[in-house]
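This report describes one protein model for a reader who has not seen it before. It begins with the metal site and then moves to charged pairs, cores and strands.

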Amino acid sequence: MESVARADFNGTLEAGFTGHPKFDPLTGEHHALTYEPGQPVRYISLDQNGRATTKARINLPHIPLIHDMAFTASFIVIPDLPVTFQPERSEAKFPWLWDARRDARIGLLPRDGDVTALQWFEAPRCFVFHFVNAYDDGDLTLIDLVRHPRMFDRDHNGPNEGAPTLVRWTLDRRSGQLSETLLDDHGTEFPRINDRFGGQSYRFGYTAHWGRDVRFGPAMKHDMLRGTTEIHHYGPDRMTLEPIFVRKPDALAEDEGWIMSYVYDAARNLSDVVILDAQDFAGEPVATIHLPVRVPFGFHGEWIADDIPELPAA
Ligand SMILES: [Fe+2]
């Protein structure tokens, strides 16, 4: 793959950005967390006109790997988990490793970026690439995420150190305590939701099943209310990537939309775009588009509609 263009949001971006900005349907902004050597962890708000504002700089004595983020109506979720930049390994291709010296914690930063009010919660030692969603409920903040038991410890070419599972962390902001609930014991990764429900109470999440030896396959639809999971099998040796939810025009129900994903067909060594009806998740696909290429495994990130203002090419 090659980059089409580079953009620094009209010069408003002071350093690096992220592959996982999150759309906020209530304000129209994208929230982003960034991490890199030589910079504090930064919380950036990207407005509807494509202007980036750094709203918080969080100085830590180490540099945590922060792949993704979550937000609620009141807070930005800051993961500080024990995979950190290790300067003594800076010659290595990937000097971000499991850090035996560090505990795990997760922070709630007020949306105005007031770092002095950042509240940290002790978390189970683990690693998280992707968050499903988060929302506030009174004095509680609920964060749904894909929890890996460990990362970049024995296998620096991971992820491959135990199956990740879907969990909910409930943060009690009054007591400062975190409790964990297992939502689904299937191995899982690449969570998506109906983005209209980002940062708000929601019901449905969509993920790719993580099988033995990091072998993906079916897609899953998780009903957080009922605690049930529907599975879509794409056929033998067909493996889905991130299942993206696309809302139907004028949809009323949360799951009224399509699921689109790249599905790798091992027999043909090519990929398809497969479209499911999210309300008939296990049913036959609505359409299958054969691509003339294989889409690299793990390819995902954020898709942004082209109705936002054009950013000038650098
Ligand atoms: Fe990712």
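## The iron site

Along the chain, the donors of the iron ion are spaced as H-x46-H-x62-H-x169-H. Donors here are N, O and S atoms within 2.8 Å of the metal (3.2 Å for Na, K and Ca), and since water is not among the atoms, sites may look incomplete. This is a predicted model, in which local features need pLDDT of at least 70 and side-chain atom pairs count only at pLDDT 80 or more, while totals for chains, interfaces and linings use all residues. Residues are numbered from 1 along each chain as its sequence is written, and side-chain values use heavy atoms, with hydrogens and water left out.

The protein donors are the NE2 atoms of His20, His67, His130 and His300, which lie 2.0 to 2.2 Å from the iron ion. The angles among these four donor atoms run from 89 to 159 degrees, and the site is irregular. Four donors count as tetrahedral if all angles lie between 85 and 135 degrees; four count as square planar and six as octahedral if opposite donors are over 155 degrees apart and all others between 65 and 115; anything else is irregular.

His20 sits in the segment before strand S1 (22-23) and His67 in the loop between strand S4 (52-58) and strand S5 (70-71), so this pair ties together parts that are 47 residues apart in sequence. Strands (E, at least two residues) and helices (H or I, at least four) are DSSP runs, numbered from the N terminus. His20 is buried, at 7% relative accessible area, whereas His67 is partly exposed at 24%. Buried means under 20% relative accessible area, exposed over 50%, and partly exposed in between (1.4 Å probe, protein chains only).

Another histidine, His30, belongs to strand S2 (residues 30-34). His30 is buried, with a relative accessibility of 10%. Setting aside neighbours within four places in sequence, His30 is in contact with residues including Pro21, Phe23, Leu46 and Glu302; contact means heavy atoms within 4.5 Å.

## Salt bridges

The structure holds 25 salt bridges, each defined as a side-chain nitrogen of Lys or Arg within 4 Å of a carboxyl oxygen of Asp or Glu. The table lists some of these pairs.

| Pair | N to O distance |
|---|---|
| Asp47 and Arg51 | 3.2 Å |
| Asp139 and Arg174 | 3.0 Å |
| Arg268 and Asp265 | 3.2 Å |

Asp139 is partly exposed at 35% relative accessibility, and Arg174 is exposed at 72%.

## Nonpolar cores

The largest nonpolar core has 30 residues, of which Ile106, Ile143 and Trp169 touch the most other members. Such a core is a set of buried Ala, Val, Leu, Ile, Met, Phe, Trp, Tyr and Cys residues joined through side-chain atoms within 4.5 Å. Several strands supply at least two residues each, among them strand S6 (75-80), strand S9 (104-110) and strand S10 (119-123). S11 gives the largest share, five residues.

Beyond its neighbours within four places in sequence, Trp169 is in contact with residues including Ile106, Ile143, Leu145 and Leu178. Another core, of 12 residues, lies apart from the largest one and includes Tyr43, Ala56, Ile58 and Ile78.

## An open sheet and a loop

Four strands form an open sheet in the order S5-S6-S9-S10, with antiparallel pairing. S5 and S10 are the edge strands, each pairing on one side only. Two strands pair if DSSP finds at least two bridges between them. S6 and S9 run antiparallel and are joined by six bridges. Ile76 has Leu109, in S9, as its bridge partner.

Gly176 lies in the loop between S13 and S14 and is partly exposed, with a relative accessible area of 23%. Not counting residues up to four places away in sequence, Gly176 touches Gln119 and Phe121. Gly176 and Ser271 are 95 residues apart in sequence, and their C-alpha atoms are 46 Å apart in space.
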